[in-house]
Amino acid sequence: MEDLKLIKNLRPEEVLETWRIMEESLEHWKSFWRAKGFKSWEEWRRATHAPLFEKELSWNLYKINEPTKSVPEWRGGMFHGWNKWFYGVFPERPPRLKDLLAHPGVHNHWYIRKIADNFPASTTLTALRMPNGEFVIVEGMHRACAIAMLAHDNKPLNTEVLVMVADWPEEAPPLLGTGWEKDN
């Protein structure tokens, strides 16, 4: 938390609205949620992130003072796809973002590379602070990995990075995304 500067408190609906502004118009996400059978962006996000909306979480918005130092230390989110395709080779689940870069599927991921090569002027990630004090990404995995990649490559990040954070009451991070039921 020492690298975070509190900006303001947020309502849960403000968190969802921030995601909407960033994602709803992106064509690659439209085709993704439609292919999964969802009728709208909001239906998709409410389903994939249901654990966050089922609990009464108190959200705060922070500015990350040195994102290339702190974000690589955070852990990836427990998204079904990330867990299925990338996390299996790591002893800890979810792995730290800096460790996740060792996976060629992440290190060479077209979208992560695209973001790292042309980072927006500002961005907002979403994370949970676990009871042990660690941060877990719950929205913005590609951008968070791009930040870790820039740090790994010793490249500058000239972007204001904000993060919406809530304290998660459980020891394990929530399972996000769809498809977990198929794995059981």
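Arg20 is buried, with a relative accessible area of 19%, because the cut-off for that class is under 20%. The model is a predicted one. The side chain of Arg20 forms a salt bridge with that of Glu42, at 2.6 Å from N to O. This pair links distant parts of the chain, since Arg20 sits in helix α1 and Glu42 in helix α3, 22 residues apart. Glu42 has a relative accessibility of 26% and so counts as partly exposed.

The side chains of Arg46 and Glu13 meet in a salt bridge of 3.0 Å, N to O. Arg46 belongs to helix α3 and Glu13 to helix α1, so this pair ties together parts that are 33 residues apart in sequence. Arg46 is partly exposed because its relative accessibility is 30%. Glu13 is also assigned to the partly exposed class, with a relative accessible area of 42%. Both pairs have their members in a network of salt bridges that links Glu13, Glu17, Arg20, Glu24, Glu42 and Arg46. Side chains of opposite charge can pair when their charged atoms come close. The count of salt bridges in the model comes to 16.

Another of the salt bridges involves loops. The side chain of Glu134 meets that of Arg75 at 3.0 Å, N to O. Glu134 lies in the loop between β4 (122–129) and β5, and Arg75 in the loop between α5 (67–70) and β3 (78–79), so that the pair links distant parts of the chain, 59 residues apart. Arg75 is classed as buried because its relative accessibility is 8%.

Strand β5 holds Glu139. With a relative accessible area of 4%, Glu139 is buried. Its side chain makes a polar contact of 2.9 Å with the side chain of Arg143. Leaving aside residues up to four places away in sequence, Glu139 touches Trp19, Met22, Glu23, Arg45, His49, Phe79, Thr124, Leu125 and Thr126.

The next topic is the open space in the model. The largest pocket has a volume of about 1000 Å³. Its lining is made up of 38 residues, and those nearest its centre are Trp29, Phe32, Trp44, Trp82 and His142. Two or more lining residues come from each of α1 (12–23), α2, α3 (41–48), α6 (80–85), α9 (110–117), β5 (135–139), α10 (141–152) and α11 (180–183). Helix α6 gives the most, with five residues. By class, the lining of the largest pocket divides into 16 nonpolar, 12 polar and 10 charged residues.

Trp29 also has a polar contact through its side chain, with the side chain of His28 at 3.5 Å. His28 is placed in helix α2, which covers residues 27–35. The relative accessibility of His28 is 28%, so this residue counts as partly exposed.

How values were computed: Residues are numbered from 1 along each chain as its sequence is written. This is a predicted model: local features need pLDDT of at least 70, side-chain atom pairs count only at pLDDT 80 or more; totals for chains, interfaces and linings use all residues. Side-chain values use heavy atoms; hydrogens and water are left out. Helices (H or I, at least four residues) and strands (E, at least two) are DSSP runs, numbered from the N terminus. Buried means under 20% relative accessible area, exposed over 50%, partly exposed in between (1.4 Å probe, protein chains only). A polar contact is a pair of N or O atoms within 3.5 Å; within protein, one must be able to donate a hydrogen and the other to accept it, and residues adjacent in sequence count only if both atoms are side-chain atoms. On a 1 Å grid over the protein atoms alone, a cavity is a set of points where a 1.4 Å probe fits but cannot get out, and a pocket is an open set with protein on both sides within 12 Å along at least five of seven lines; lining residues have an atom within 4 Å of a point. Grid points are joined across faces, edges and corners, and a volume is the space filled by probe spheres set on the points. Ala, Val, Leu, Ile, Met, Phe, Trp, Tyr, Cys and Pro count as nonpolar, Asp, Glu, Lys and Arg as charged, and the others, Gly among them, as polar. Contact means heavy atoms within 4.5 Å. A salt bridge is a side-chain nitrogen of Lys or Arg within 4 Å of a carboxyl oxygen of Asp or Glu.
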